[in-house]
Amino acid sequence: MRRRIAALATVSACLGLAGPLAGASRGDPLPLVQPGSRVKTVGVATCTAGFVFDGVGRLARRHYLALAAHCVEGEVGAVVTDAVGNRFGTVAFTMWPYTTFADDFAFVLLDRASYPRISPAMAGHPSMPTGVAAVGTTAPGDRVQVSGWGTLTTANATTREQRVSVLKDHDADFWSSWTVVSPGDSGGPVAHVPTGAALGSVSNLCVPLPVNHSGGFERVAGCAGYGPSVVGMIRRAAAKGFTVRVRTAAQGAPRS
């Protein structure tokens with residue numbers, strides 16, 4: 001059942017391939033990789049990049065990009081590329097298989113050669129994230145921002161990067177809101193507009209009901225989208241010995 005839950009989500013994410021991928025001519029600069037950019041993962045899955053994280057402790061001097069776990073499944077070591085096929089890292093950690101969408105996240109170890117084209121800033125929002133949105137610093141009704149490549153919003157930069165809506169709930173495990181999300185947005189970043197902080201990542205749809213059954217969905221029913229909160233991602237990864245922290249937009253591209 002756990003594999004079926006995530007496999008269904010993976011199929012949904014793959015529907016993002018319906019939109020055309022941007023082309024690149026030989027000699028053109030490589031596309032920027034940042035929260036909200038389009039990426040290709042295991043098999044044919046096309047998803048959205050999440051926030052950039054720095055390793056802590058034994059992972060110091062390593063840098064990671066968050067993705068949805070259902071976009072990489074259990075393929076640790078698999079190559080991840082930008083939308084036109086240029087490698088930028090490999091899967092280093094995944095919470096697959098999961099029984100709750102609070103665990104729908106994975107981390108891609110960024111290749112050192114890719115550092116010059118990595119940006120921790122959200123697509124369309126050069127000052128976000130400013131840090132992590134802690135529980136208690138947000139409130140229902142606050143504005144939230146999503147940047148991603150959902151099939152309903154791929155038409156132009158405005159619909160991909162300027163989706164602002166209203167927060168429904170945010171706790172130690174989940175965020176939820178009435179944000180428009182669709183297949184292809186999987187793994188994409190969600191920011192808390194009042195503070196500019198990293199709030200969560202996109203995992204699932206829940207209008208009129210969650211697309212896929214998962215523990216914890218009951219309290220977020222009635223929203224348009226939800227997923228793991230960043231505070232929860234950090235805590236849950238640390239419990240498995242994988243310690244990271246969010247890299248802010250102001251820190252710029254990794255250098256070491």
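Arg87 is partly exposed, with a relative accessible area of 45%. In this predicted model, the side chain of Arg87 forms a salt bridge with that of Asp111, at 2.7 Å from N to O. Arg87 belongs to strand β6 (residues 87-94) and Asp111 to the loop between β7 (106-110) and β8 (143-146), so the bridge ties together parts that are 24 residues apart in sequence. Asp111 has 19% relative accessibility and therefore counts as buried, the limit being under 20%.

**Overall make-up**

- The protein contains four helices and 15 strands.
- Of its 256 residues, 58% are buried.
- The accessible surface amounts to about 10,200 Å², and carbon and sulfur atoms account for 57% of that area.
- When contacts between residues at least 6 apart in sequence are considered, 68% of them join residues at least 24 apart.

**Salt bridges**

- Seven salt bridges are found in a search of the whole structure.
- One of them pairs the side chains of Asp54 and Arg247, with an N to O distance of 3.1 Å. This pair connects distant parts of the chain, since Asp54 sits in strand β3 and Arg247 in the segment after β15 (244-246), 193 residues apart.
- Asp54 counts as buried because its relative accessibility is 6%, where buried means under 20%. Arg247 also counts as buried, at 9% relative accessibility.
- Arg163 and Asp185 form a salt bridge through their side chains, at 2.9 Å from N to O. Arg163 is in strand β9 (residues 163-170) and Asp185 is in the loop between β10 (174-177) and β11 (189-192), so this bridge ties together parts that are 22 residues apart in sequence.
- A network of salt bridges links Asp103, Asp173, Arg235 and Arg236.

**Positive patch on the surface**

- Four arginines, Arg58, Arg61, Arg62 and Arg112, gather on the surface in a patch of positive charge.
- Arg58 is located in the loop between β3 (52-55) and β4 (63-67). Its relative accessible area is 59%, so Arg58 is exposed, the limit being over 50%.
- Arg61 lies in the loop between β3 and β4. With 55% relative accessibility, Arg61 counts as exposed.

**Backbone geometry**

- Arg61, one of the patch residues, has a positive phi, near 70 degrees, although Arg61 is not a glycine.
- Glu73 is another residue other than glycine with a positive phi, in this case near 50 degrees. Glu73 is placed in the loop between α2 (69-72) and β5 (79-82).
- Glu73 counts as buried at 19% relative accessibility, whereas Arg61 counts as exposed at 55%.
- The peptide bond from Trp96 to Pro97 is cis, with omega near -5 degrees. Pro97 is in the loop between β6 and β7.
- Met128 and Pro129 are joined by a cis peptide bond with omega about 5 degrees.

- Ser203 is in the loop between β12 (197-201) and β13 (204-205).
- The relative accessibility of Ser203 is 5%, so Ser203 counts as buried.
- Neighbours within four places in sequence set aside, Ser203 is in contact with His70, Phe101, Asp104, Tyr226, Gly227 and Pro228.
- The C-alpha atoms of Ser203 and Ala68 are 6.7 Å apart in space, while the two residues are 135 residues apart in sequence.

Definitions and conventions. Residues numbered from 1 in each chain as written. Predicted model: local features only at pLDDT ≥ 70, side-chain atom pairs only at ≥ 80, totals over all residues. Heavy atoms only, no water. Patch = residues over 30% accessible without salt bridge, like charges linked within 9 Å, V, L, I, M, F, W, Y side chains within 5 Å. Areas by Shrake-Rupley, 256 points an atom, 1.4 Å probe, with all protein chains shown as cover. Lys, Arg positive; Asp, Glu negative; His and termini not counted. Charge placed at Lys NZ, Arg CZ, Asp CG, Glu CD. Helix = DSSP H or I, 4+ residues; strand = E, 2+ residues; numbered from the N terminus. Buried < 20%, exposed > 50% of the residue type's maximum accessible area, 1.4 Å probe, protein only. Contact = heavy atoms within 4.5 Å.
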